[in-house]
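Let me put the sequence and the model up on the screen.

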Amino acid sequence: MRKVIEIVCVVLAIGMIGCKISAGDVISSEIRIGDAKFSKTGEVIIVPEGKTVVVEMKDDSSWNTYVPDSVKAWSKGVFIKDRKVPLSPFVMGQYEVTQELYTAVMGMNPSYFQGDSEQPSKGELQQLRPVENVSHYEAVSFCNELTKKTMTDSDVVYFIDEAKTTAYTKYDASSNKTPYMDITKKGYRLPTEAEWEYSARGGDPSKAEWKNAFGKVNTKGNKMIYDDIGYSLWEDENLAKVGWYKFNSYNRTHEVGKKKANRLNLYDMAGNVYEWCLDWSAFDVTTGDVIDPCSTASNSFRVFRGGCYYHFAESCAVSQCYFGNPDFQFDGLGFRICRFLR
């Protein structure tokens, strides 16, 4: 049995004097567009305003209690030995974006699980299932359209030109045009991979949950989700407490928020649908220096995280990373929204 090395990390909090809002607080219970209110669209504080968080990793025990050393570095997530990851104030969607909200914003629903497809379980609402079958381009354009409807046109984050003068639209998304991001804007966007994983782990490296395979819970009996020669273990009853995956989903998505939330009041960070992140995939993970939490690696793939309803337990681990072309779509891939606190 491998020796488990305790995690050693440093978290620096700056400027919290007089701040009454804490990480995990729900600051908005629902999104409103005109007179319409949308259920399960709350927003949660992850890093409060006025605070900067830097997570400095001294060893690899954030993942090596359940992932063996033989697994490639890019699949072990953001928080690995000798990385220093800064995070600015931001909030994240409490739930994966629902079909109802997506339809209201975009005027259509691309999801496979609707109409005559597999229906949700008894007591679940069809419109509150996560939207899926969405490309990275479409997720980005949704963020801009939602910003326009809930803030102002000048708050949008994504643009079609490098000069960042023309907002990215759903028509640009349909043409698979590459978006450019203005991080000074306060509108909705996709989370960076670092923001996503920090949130999925519960946002506090000093807590036991930080090292758990599935955030809120650890793998059954604290065993690795891979065996010693790298084959994934398929089923895990502890995962079933927090997420929908291959062995409890009945091969369909489910209404968001039906499983236990993690310690930051976020739901479905494991399972149901994968979630697009902002980053380009970085195959070669750099260590030793302060790392920009948003990868700008020059390749053609975008990151998605979190596992989905028809994949096995190991795919839902908080450290596990996947990637696809930005036009990639399938019925197990959706997203959640995020925004800076400006």
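So, ring pairs here join up into a cluster, and its members are Tyr 112, Phe 113, Tyr 274, Trp 276, Phe 304, Tyr 309, Tyr 310, Tyr 322, Phe 328 and Phe 330. Keep in mind that this is a predicted model. Across the structure there are 22 aromatic pairs.

Let's take a couple of those. Phe 113 and Tyr 309 have ring centres 5.2 Å apart with the planes at 90 degrees, so we call that one edge-to-face. Where do the two sit? Phe 113 is in the loop between α1 (99–106) and α2 (136–150), while Tyr 309 is in the loop between β12 (302–305) and β13 (321–324), so this pair ties together parts that are 196 residues apart in sequence. And buried or exposed, you ask, for Phe 113 and Tyr 309? Both are buried.

Now the other one, Phe 304 with Tyr 322. Here the centres are 6.3 Å apart and the planes are at 15 degrees; planes under 30 degrees apart count as stacked, so this pair is stacked. Phe 304 belongs to strand β12 and Tyr 322 to strand β13, so the parts being tied together are 18 residues apart in sequence. Phe 304 is buried, at 6% relative accessible area, whereas Tyr 322 is partly exposed, at 23%.

Lys 259 has its charged end over the ring of Trp 244, 4.2 Å from the centre. Then there's Arg 201, which lies over the face of Trp 210 at 5.5 Å from the ring centre. That's me done, over to you.

Key. Residues are numbered from 1 along each chain as its sequence is written. This is a predicted model: local features need pLDDT of at least 70, side-chain atom pairs count only at pLDDT 80 or more; totals for chains, interfaces and linings use all residues. Side-chain values use heavy atoms; hydrogens and water are left out. Rings of Phe, Tyr and Trp (its six-membered ring) pair if their centres lie within 6.5 Å; planes under 30 degrees apart count as stacked, over 60 as edge-to-face and the rest as tilted. Helices (H or I, at least four residues) and strands (E, at least two) are DSSP runs, numbered from the N terminus. Buried means under 20% relative accessible area, exposed over 50%, partly exposed in between (1.4 Å probe, protein chains only). A charge sits over a ring if NZ of Lys or CZ of Arg is within 6 Å of the ring centre and within 35 degrees of the ring normal.
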